[in-house]
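Student: Could we go through this structure together? I would like to begin with the overall picture and then turn to single residues.

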Amino acid sequence: RSNGCIGPRKRVARHAAHMNDLLPPDSAVRAELAYLHPPLERPFNYACEPPPGTPWQNYQRDERALGISNARLCASRTTLHREGFALWDAPSTVRDFSDPEEIERCYYPEVAELACTATGAARAYVFDHLIRKRAPGNAPLDFGRSARGVPPAANGQVHNDYTEESGQKRLALVLGELVAQRGAGRYGIVNVWRSIRGQVLDIPLAVCDARTVDVRDLVSAEVRYPRRTGEIFLGLHSPRHRWFYFSAMDRAEALMFKQYDSQVSGVARFTLHAAFRHPDAPAGAPPRQSIEARCLVVYE
């Protein structure tokens, strides 16, 4: 077509990464990740400027220097249903990621196709996306909040975008109350994360092997917006957690990770993730710019 878009099933993406339980000793970098300090009350974050006299958040960060392994050096590939994340070779036809109309017209069908291919789902519905740009200078990696008119920054808080409750609510928001009441069989939510400016060298995204996360490591928290309140999981630190990233991700690759799965056993259901400052980023590395698209997948 003249706009350069492709339709579903016209191109099948390919796996681009491998993983093994045994990693080379030099595969990890040591970097800081911000967990949640065990809270005394229900945590909340404002995604927009809070009312006067109200703090942006009501909890303390538990900052930990941890090893984050380069998943490109692993021997067997990850999968969405086992570890909760996978890297795919998936070039996009989008020319301008600053154009919301082109993103919805061209990128949404690409994401839906990729989500079905990667998960084995029958149908996929992309319901939103977010552009993030690294804050200028050496600003700390917080919750990735944005001032009015400024794109959100990288989110350095260990979190998962959906809980059991908000994952269930998303089905009705996307497909309607009637479908939710009747039941849709197995369904889930995946995030498709991509660089939009070239290689990511300064602020990569770390993902935690879902097999190493216990339900006790997940704390339900509010995210407050101007006209609604969402619910996410914030992560408590555990020495069991195993963290990974994919070095120098470029525009032709897509990192997919689970945010919710209605199947309660036998598969990854939630994938903790957070941005981190790479200790070996070269001086003058271009600031990370990325797009994340969220997609509801239905298996039957």
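Tutor: What follows is a conversation about this structure, from the whole chain down to single residues.

Student: What kind of model is this, and how are things counted?

Tutor: This is a predicted model, in which local features need pLDDT of at least 70 and side-chain atom pairs count only at pLDDT 80 or more, while totals for chains, interfaces and linings use all residues. Residues are numbered from 1 along each chain as its sequence is written, and side-chain values use heavy atoms, with hydrogens and water left out.

Student: What is the average pLDDT of the protein chain?

Tutor: The average is 89, and 90% of the residues score at least 70. The term pLDDT stands for the predictor's confidence in each residue, from 0 to 100.

Student: Which residues have pLDDT below 50?

Tutor: Residues 1-13 are such a stretch, with 30 contacts in the model beyond near neighbours in sequence. A contact means heavy atoms within 4.5 Å. Over residues 17-22 the pLDDT also stays under 50, and there the model has 24 contacts beyond four places in sequence. Where pLDDT is low, the predicted coordinates should not be read in detail.

Student: How many helices and strands are there?

Tutor: The protein chain has 3 helices and 15 strands. These are DSSP runs numbered from the N terminus: helices are H or I with at least four residues, and strands are E with at least two.

Student: And how much of the chain is buried?

Tutor: Of the 300 residues in the protein chain, 53% are buried. Buried means under 20% relative accessible area, exposed means over 50%, and partly exposed lies in between (1.4 Å probe, protein chains only). As for contacts with a separation of 6 or more, 81% of them join residues 24 or more positions apart.

Student: Which residues have the most contacts inside the largest nonpolar core?

Tutor: They are Y107, M256, C295 and V297, in a core of 30 residues. A nonpolar core is a set of buried Ala, Val, Leu, Ile, Met, Phe, Trp, Tyr and Cys residues joined through side-chain atoms within 4.5 Å.

Student: Where do the core residues come from?

Tutor: At least two residues each come from β5 (85-89), α1 (100-119), β6, β8, β13 and β15. The largest share, 10 residues, is supplied by α1. Another core lies apart from this one; it has 27 residues, among them A31, I68, V158 and Y187.

Student: What does V297 touch?

Tutor: Beyond four places in sequence, the contacts of V297 include A115, T119, A121, R123 and Y187.

Student: Changing topic: how long is α2?

Tutor: Helix α2 covers residues 164-175, which is 12 residues, and reaches 18 Å from its first C-alpha to its last, close to the 16 Å expected at 1.5 Å a residue. The expected span is 1.5 Å times one less than the number of residues.

Student: Which residues of α2 are buried, and what covers them?

Tutor: S166, G167, R170, L171 and A172 are buried. Their cover includes β6 (123-133), α3 (177-182), β8 (187-195), β11 (229-235), β13 (253-261) and β15 (289-298).

Student: What is found at the two ends of α2?

Tutor: At the start, a side-chain oxygen of T163 comes within 3.3 Å of the backbone nitrogen of E165. Just after the helix, G176 has a positive phi of about 100°.

Student: Now S195, please: why does it count as buried?

Tutor: S195 counts as buried because its relative accessible area is 1%. S195 is found in strand β8. A polar atom of its side chain lies 3.3 Å from the backbone nitrogen of R197, and a polar atom of that side chain is 2.4 Å from the backbone oxygen of G198. Such a polar contact is a pair of N or O atoms within 3.5 Å; within protein, one must be able to donate a hydrogen and the other to accept it, and residues adjacent in sequence count only if both atoms are side-chain atoms.

Student: And where is T212?

Tutor: T212 is in the loop between β9 (205-208) and β10 (218-224). T212 counts as buried because its relative accessibility is 12%. For its side chain, a polar atom lies 2.7 Å from the backbone oxygen of D209, and a polar atom lies 3.2 Å from the backbone nitrogen of R242.

Student: Last one: is P279 buried or partly exposed?

Tutor: P279 counts as partly exposed, because its relative accessibility is 47%. Its place is in the loop between β14 (273-275) and β15, and beyond four places in sequence P279 is in contact with V29, R30 and A31.
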